[in-house]
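Hi everyone, thanks for making the time today. I'd like to walk you through a structure that may be new to you, so please have a look at it with me.

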Amino acid sequence: MTKTPATTQTPVASAPKRSLTPRRRAREYALQGVYQSLVMRRAGSLPNAAAIAKQLAEDPGFRRCQLELFQGIFTGVLEHTDELEGLITPALDRPINELSPVEHAALLIGTYELAIDLAVPYKVAINEAVELAKTFGGTDGHKYVNGVLDLLAQQLRSTEIQAG
């Protein structure tokens with residue numbers, strides 16, 4: 001058995017470290033579930049939320065997520081998708097079906113937390129959705145998500161924003 005020279009190995013330190021708190025993990029799994037649902041819808045299929053959640057729960061890291069938060073976001077977004085898309089669409093510069101599924105899912109989650117889960121501070125809702133887009137989306141998708149959610153926060157959480 002030959003050893004690979006150390007100079008050809010990628011150093012572990014070069015990989016970005018992410019803080020995966022149970023709440024962040026819950027949002028990441030929710031994003032994955034919403035993403036699967038969107039891809040299935042775009043393909044003309046009806047997504048099965050229970051089957052998607054079951055598949056996500058089989059991942060070893062899933063047990064380290066905050067289950068209640070995952071369930072709340074995942075089921076909440078799926079139950080309110082039409083309403084959430086109605087809020088998002090006026091803030092977009094293109095048709096919603098032209099968004100990447102990752103950006104679409106991050107926007108749905110951020111909008112859900114802004115519009116429906118009022119216990120989440122607006123800054124947290126925006127930041128978490130932006131972080132999801134940074135982690136899973138394209139190069140500048142997080143900037144787009146940030147801009148759209150910032151506009152929505154002005155409409156949905158104006159009192160909170162003015163209060164500081």
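Predicted model: local features only at pLDDT ≥ 70, side-chain atom pairs only at ≥ 80, totals over all residues.

If you read along from the N terminus, the order of elements is simply α-α-α-α-α-α-α-α. The chain has 164 residues, and 38% of them count as buried. As for its surface, the chain exposes about 9,500 Å², with 54% of that supplied by carbon and sulfur atoms.

How far apart in sequence are the residues that touch? Take the contacts between residues at least 6 apart in sequence: 71% of these join residues at least 24 apart.

Now to the aromatic rings. How many aromatic pairs does the structure hold? There are three. One of them is formed by Tyr-29 and Phe-62, and it is edge-to-face, with 5.1 Å from centre to centre and 75 degrees between the planes. This pair links distant parts of the chain, since Tyr-29 belongs to helix H1 while Phe-62 lies in the loop between helices H2 and H3, 33 residues apart. Are these two buried or exposed? Tyr-29 has a relative accessibility of 8%, so it counts as buried. Phe-62 is buried too, at 9%.

In general, an α-helix has 3.6 residues a turn, so residues three or four places apart point the same way. Phe-70 is buried at 3% relative accessibility, and Phe-74 is buried at 2%.

Leu-56 is in helix H2, and with 5% relative accessibility it counts as buried. Which residues does Leu-56 contact, leaving aside neighbours within four places in sequence? They are Tyr-29, Gln-32, Gly-33, Gln-36, Phe-62 and Phe-70. In sequence, Leu-56 and Tyr-29 are 27 residues apart, yet their C-alpha atoms are 6.9 Å apart in space.

Back in helix H1 we find Ser-37. Ser-37 is buried, with 3% relative accessible area. Beyond its neighbours within four places in sequence, Ser-37 is in contact with Pro-47, Ile-52 and Leu-78.

There is also a charge and a ring to look at: the charged end of Arg-94 sits over the ring of Tyr-144, at 4.2 Å from the ring centre.

Last stop, helix H4, which spans residues 81-88. Which of its residues are buried? They are Thr-81, Leu-84, Glu-85 and Ile-88. Around the helix axis they cover an arc of only 100 degrees, so they are on the same side of H4. And what covers them? The cover includes helices H1, H3, H5 and H7.

Conventions
Residues numbered from 1 in each chain as written. Heavy atoms only, no water. Buried < 20%, exposed > 50% of the residue type's maximum accessible area, 1.4 Å probe, protein only. Helix = DSSP H or I, 4+ residues; strand = E, 2+ residues; numbered from the N terminus. Arc of directions from axis to C-beta. Contact = heavy atoms within 4.5 Å. Areas by Shrake-Rupley, 256 points an atom, 1.4 Å probe, with all protein chains shown as cover. Phe/Tyr/Trp six-rings, centres within 6.5 Å; stacked < 30°, edge-to-face > 60°. Lys NZ or Arg CZ within 6 Å of the ring centre and 35° of its normal.
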